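These are my notebook entries on a structure I looked up. I began with the ligand and then turned to pairs of helices.

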Amino acid sequence: MNTAVSYPRFFDAGPEPMHLREEVVGGLARRPKRLSPKLLYDARGSALFDIICELPEYYPTRTETAILRDNARGIAGLIGEECVLIEPGAGSCHKAELLLCHLPAAAYVPTDICGDHVREAAQRLATRFPRLEVASACADFSQFEVLSSFVPPGRRVVFFPGSTIGNFEPHEAKRFLVNAAGFVGPDGGLLIGVDLKKEPERLDAAYNDIRGITAEFNLNLLTRLNRELQGDFHVNRFHHQAFYDTDKGRVEMHLRSEAAQEVSVAGLRFRFLPGETIHTENSYKYTIQEFHRLAANAGFVPGGVWTDRERLFSVHYLTP
Ligand code: AVI
């Protein structure tokens, strides 16, 4: 019998295909039609998102990366003693790599809804930091209870960069923060990236890049439904739409049906009117004060905040 355990350890806690069906059928039956932004991240969607992060119009990634790089020592100093760094939704783990050069971390636990992607990245980090214990998992980023079962013992610090918190509705963002506070416990912390409010033109450009990669990322959701739920979407009969709503303080992303059409997915038929959309993502933007208020409502105390010179993006260290 082969009892060899591969290193780094990997846990598969990904959602069952049944959940995908329920989520999609439920979302397409709603008025207006709505699908969770989590569905954007199959293997192709994750690869497209990595390309988005490099686009000139998409400022969040390079700005946050520069903030982390320029302040890595100060951040590590605030985090203090040895910790276990847990990164939900880690993707390619590039930002954690910047911190791990300075942080007294005993272990690093990246998780992602796209298991293959995070597993490969974990392997790379384990090679680069041979003294660090690395364990990765395919998991939904809000599944803190699942994480508890395989995170190595130690003081917990959650790293949640990229302004992924902005993809939650405000009540979900609060619930995520409450759960994160409970998960890290009184001696832990949360290092989190939050995109800041700014002029609409800059935001509109960031979600409507000239190369059309964000459009491809959005439309890939339909290709995924065709493949995984036996859908018959004609992808070229839908268009990417993204705009900043100043009143709601969020960028909305939609897939717009150009004509009246009927689509079959998961064995059910759904009708689209001309111009009708599937709402696929919200990306909320906060001021520093707004985010502090949200964090305080969830039981966190601000420990430090770093921004860039243009005040495009912010990184916060919070403690329960
Ligand atoms: C992952 N998330 C923070 C990105 C955002 O900016 O809301 C996802 C994205 N959607 C379109 N471009 C990038």
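Predicted model: local features only at pLDDT ≥ 70, side-chain atom pairs only at ≥ 80, totals over all residues.

Entry 1, the ligand. I found an oxygen atom of the ligand 2.5 Å from an N or O atom in the side chain of tyrosine 58. A polar contact here is a pair of N or O atoms within 3.5 Å; within protein, one must be able to donate a hydrogen and the other to accept it, and residues adjacent in sequence count only if both atoms are side-chain atoms. I noted that a nitrogen atom of the ligand is 2.9 Å from an N or O atom in the side chain of asparagine 167. For glutamate 281, a polar side-chain atom lies 2.8 Å from a nitrogen atom of the ligand.

Residues are numbered from 1 along each chain as its sequence is written, and side-chain values use heavy atoms, with hydrogens and water left out.

I looked up helix 2 (residues 43-52) and helix 9 (residues 213-228), whose axes come within 9 Å and cross at roughly 160 degrees. Helices are DSSP runs (H or I, at least four residues) numbered from the N terminus; axes are lines fitted to C-alpha atoms over the stretch in contact, with angles from 0 to 180 degrees between N-to-C directions. Helix 2 is therefore roughly antiparallel to helix 9 (an angle over 145 degrees).

Note on methods: Helix = DSSP H or I, 4+ residues; strand = E, 2+ residues; numbered from the N terminus. Parallel < 35°, antiparallel > 145°, perpendicular 65-115°, else oblique.
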